[in-house]
Amino acid sequence: MYVAIMGYGTIGSGVAEILETNKAEIAAAAGQEVVLKYVLDLREFPGSPIEDRLIHDFKMIEEDPEVGMVVETMGGLNPAYPFVKACLLAGKHVATSNKALVAAHGTELLAIAREKQVNFLFEASVGGGIPVIRTLYRSMSGEKIRGITGILNGTTNYILTRMSEAGSSFEAALKEAQNLGYAERNPEADVEGYDTCRKIAILTAMVSGKEVSYEEIHTEGITKITDIDFQYAKKMGTCVKLFGSSRIGEDSVQAWVAPVMIGPGHPLYAVRDVYNGILITSNMLGQTMLYGSGAGKLPTGGAVVADIIEAVQNPHSTIPFGWSAERETVADFSLSSHQYFVRIAGNYSDHEEKVAAAFGNVQVMELDGMDEFAVLTGSMTEEEYQKKAGRFEVRQMIRAEL
Ligand code: HSE
């Protein structure tokens, strides 16, 4: 099958490299040779291995009947969305790594793929190289999936790991992640949790079979996490991770993105650096954890290549995949229950009774020389927490699973 790549950035160039390096393995798995015919990009790449296939006009792909499969690794919505839609309408399979595209237009693009009997696949859009989407729709398709909790963003996991283990500043760690090619074009999408939000929306929709609107998912990033939080975490033997989480109920789902304090007993504790980890809870299998490279050229490119192989294996049919246009109900975040790590201004001895009256039995932590203390509460809803916390001068609140 002839393939075209749209976008020769980090991931697109990774796909081209893998198609060349693993040519024999890919042909054996797909049952035929996979040949890269075009690479679409606005830029020139003199001396690069794809120079002879570089084009600047999308129409060449859209109108070439020989191209059966298109890879979209441009990122963003424009022109990724109109290009992908046009490819599907032209009866071409599409594989994308673009979570923004899948989260915003996945429902429509999946419907077009079904109508045209092609495949719209997006393994690389969540968890980089980790085969989480395929695990959900193939290996776990006979399970009732109850919940998914993941460290789904490599950039923020890298930053939090560097802050925790090397005492790096937020800015220095972000720069390193950007230099390593992990970060989104706009790093705000990573550090504000938007990238994780889209990824948990996609995973939740895959599991529930219904469209999940990412705008309805409560989303907090890591920009308010400070070195003082890490001083407490060190003392407590804990760490802070950015979680995307969803619980799948019969009539609704509970989904959110927020930093969470966890201890060594949590399966995701050991997920460090740029790595991602995804914990899936299902009714027969119990807990399953996937771990691997959540970003980067070759890991993410590899996930796209796996989608190419899947489409080549199913050239004339749409595999059962994705979700319908029915909208899933995302439950109100204020009703979700958590434990809370809370830093409060003042001396604990002056607040002891007030703390007990508000939160009951709590674990108390103090750092030398600080005019504040911290408590670890029991579990309560967000609504309850907000009411109770209103009685104190709260400097920080991080949800906890300890
Ligand atoms: N910016 C993303 C991350 C890339 O850091 O995880 C992979 O989606």
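This is a predicted model: local features need pLDDT of at least 70, side-chain atom pairs count only at pLDDT 80 or more; totals for chains, interfaces and linings use all residues.
The shell around the ligand is made up of Lys99, Asn153, Gly154, Thr155, Tyr182, Ala183, Glu184, Asp190, Asp195, Lys199, Gly294 and Ala295. By class, the residues of this shell comprise three nonpolar, four polar and five charged. Two helices, α7 (154–165) and α10 (194–208), each contribute at least two residues to the shell. A polar atom in the side chain of Lys99 is 2.6 Å from a ligand oxygen. For Thr155, an N or O atom of the side chain likewise lies 2.6 Å from an oxygen atom of the ligand. At Gly154 the backbone is involved, with a polar atom 2.7 Å from a ligand oxygen. On its own, the ligand has 250 Å² of accessible area, and the protein covers 94% of this area.

Thr107 is located in helix α5, which spans residues 99–116. The relative accessible area of Thr107 is 14%, under the 20% limit, and the residue is therefore classed as buried. Apart from residues up to four places away in sequence, Thr107 touches Glu211, Trp323, Ser324 and Ala325. With Trp323 there is also a polar contact between side chains, at 2.9 Å.

Phe321 belongs to the loop between α12 (297–313) and β13. Is Phe321 buried or exposed? Its relative accessible area is 10%, and because this value is under 20%, Phe321 counts as buried. When residues up to four places away in sequence are set aside, the residues touched by Phe321 are Leu110, Arg114, Phe120, Leu121, Phe122, Ile133, Tyr137 and Met206. Phe321 and Arg134 are separated by 187 residues in sequence, while their C-alpha atoms are 9.4 Å apart in space.

Strand β17 (residues 394–401) pairs with strand β10 (residues 253–262) in the parallel sense, over three bridges. Within this pairing, Arg399 of β17 stands opposite Val260. Strand β17 is also joined to strand β13 (residues 337–345), here in an antiparallel arrangement with six bridges. Ile398 in β17 is the bridge partner of Phe341.

Most residues other than glycine have a negative phi, and most peptide bonds are trans. The peptide bond from Asn78 to Pro79, however, is cis, with omega near 15 degrees. Pro79 is placed in the loop between β4 (67–72) and α4 (80–89).

Positive phi values occur at Gln117 and Asp273, neither of which is a glycine. For Gln117, phi is near 55 degrees. This residue, Gln117, sits in the loop between α5 and β6 (120–121). Its relative accessible area of 49% falls between the limits of 20% and 50%, so Gln117 is partly exposed. For Asp273, phi is about 55 degrees, and the residue lies in the loop between β10 and β11 (275–282). Asp273 is also classed as partly exposed, because its relative accessibility of 25% lies between those limits.

Definitions and conventions
Residues are numbered from 1 along each chain as its sequence is written. Side-chain values use heavy atoms; hydrogens and water are left out. A residue is near a molecule or strand if one of its heavy atoms lies within 4 Å of it. A polar contact is a pair of N or O atoms within 3.5 Å; within protein, one must be able to donate a hydrogen and the other to accept it, and residues adjacent in sequence count only if both atoms are side-chain atoms. Accessible areas come from the Shrake-Rupley method with a 1.4 Å probe; for residues, only the protein chains shown count as cover. Helices (H or I, at least four residues) and strands (E, at least two) are DSSP runs, numbered from the N terminus. Ala, Val, Leu, Ile, Met, Phe, Trp, Tyr, Cys and Pro count as nonpolar, Asp, Glu, Lys and Arg as charged, and the others, Gly among them, as polar. Buried means under 20% relative accessible area, exposed over 50%, partly exposed in between (1.4 Å probe, protein chains only). Contact means heavy atoms within 4.5 Å. Two strands pair if DSSP finds at least two bridges between them.
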